[in-house]
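Here is a short report on a ligand site and the pocket around it. Look at the structure, then read on.

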Amino acid sequence: MDRDARGGRGRPERAAATAMTDRITPEVVRKFETDGAVWLPGLLTRPWLDLIEAGMRRNINSPGPNSRRHYPGEPGTFYDDHCNYAAIPEFQRLLEDSPLADVMAKILQTANLWLFFEQIFVKEGGHSRRTPWHQDTPYFMADGRQIGSMWISLDPLASEETLEVVAGSHLGPLYNGTAFDPDDDTAPVFDPRKFPRLPDIEREREKWNIVSRASEPGDVLVMHPSILHGGAEIREGHRRRTLSIRMFGDDVVYVERPGAGHSPAFPGVSEALNPGDPLRHPWFPRLLPRT
Ligand SMILES: O=C(O)CCC(=O)C(=O)O
């Protein structure tokens with residue numbers, strides 16, 4: 001691996017993982033379990049944010065096979081790429097040396113931790129529409145209690161521009177995925193006989209326990225993938241560059257999603273594992289314990 005890209009000279013000091021994990025009090029763990037989401041203000045310092053920015057730049061300059069632009073007809077870009085960890089040394093260094101893995105393991109209350117996958121989202125260059133309300137679990141081959149995503153924005157965001165969640169919805173029903181249909185956010189992407197259609201949360205916002213927080217670079221939102229979440233629109237002249245890191249612990253198993261398939265597909269995993277098997281495969285590097 002390229003030493004300079006991994007840090008080399010001038011690499012930021014590895015933050016004291018203990019100091020960071022001390023912030024994960026029993027109350028934070030309880031909040032994650034009951035609400036499905038918890039905000040950790042100022043968790044990441046500038047050197048880690050610079051590393052993420054360098055990794056995102058590398059990723060955008062060398063797109064992976066999953067890269068795509070949603071809603072191509074819209075003025076602003078809504079760009080998404082994922083599962084490029086093996087090609088992005090900055091992301092590897094982030095998870096090996098920053099306290100993010102320790103923090104996630106403490107929130108999930110797991111001794112072992114694996115990377116599921118990383119994903120970047122970029123909204124910029126003009127008005128960019130909302131990311132539709134959805135849950136991630138119906139797309140995933142992973143299921144369990146000890147799984148979470150860290151959502152990290154490189155840009156300061158007002159509460160009207162950030163990611164919103166419906167607190168507690170990770171304990172409710174699993175809905176169909178969204179087809180990203182520009183005319184109907186709730187249009188199902190999977191077999192409609194297998195999952196109920198997504199509710200139209202945007203039309204009835206007052207009926208849902210929506211939580212959104214203004215955020216500064218360094219803040220980290222940790223959420224369970226079954227939580228209903230949606231990304232606010234980005235206005236002309238603004239931008240939102242985010243990295244989502246999805247990790248899992250001991251209780252997570254491989255699942256099939258009848259009528260849905262899997263996204264990401266992770267070629268080879270379905271052939272290697274049976275439903276209910278612990279999710280272990282070379283696609284998912286072990287983050288903790290560190291070797
Ligand atoms: O940032 C966004 O707009 C979407 C993020 C998201 O859906 C996720 O991280 O699961």
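## Pocket and ligand

With five residues, β4 gives the most to the lining of the largest pocket. Strands such as this one are DSSP runs (E, at least two residues), numbered from the N terminus. The model is predicted: local features need pLDDT of at least 70, side-chain atom pairs count only at pLDDT 80 or more, and totals for chains, interfaces and linings use all residues. Residues are numbered from 1 along each chain as its sequence is written, and side-chain values use heavy atoms, without hydrogens or water.

The largest pocket is lined by 30 residues. D80, Q119, F121, H134 and F180 lie nearest its centre. Two or more lining residues come from each of β3 (77-82), β4 (113-124), β5 and β12. The lining divides into 14 nonpolar, ten polar and six charged residues.

The shell around the ligand has 13 residues (a heavy atom within 4 Å). T131, D136, H229, R240 and S244 are the closest. β12 supplies the largest share of the shell, four residues. The shell holds four nonpolar, six polar and three charged residues.

Taken alone, the ligand exposes 290 Å² (Shrake-Rupley method, 1.4 Å probe). The protein buries 99% of that.

Definitions and conventions. Nonpolar A, V, L, I, M, F, W, Y, C, P; charged D, E, K, R; others polar. 1 Å grid on protein atoms, 1.4 Å probe; cavity = no way out; pocket = protein on both sides within 12 Å on 5 of 7 lines; lining within 4 Å.
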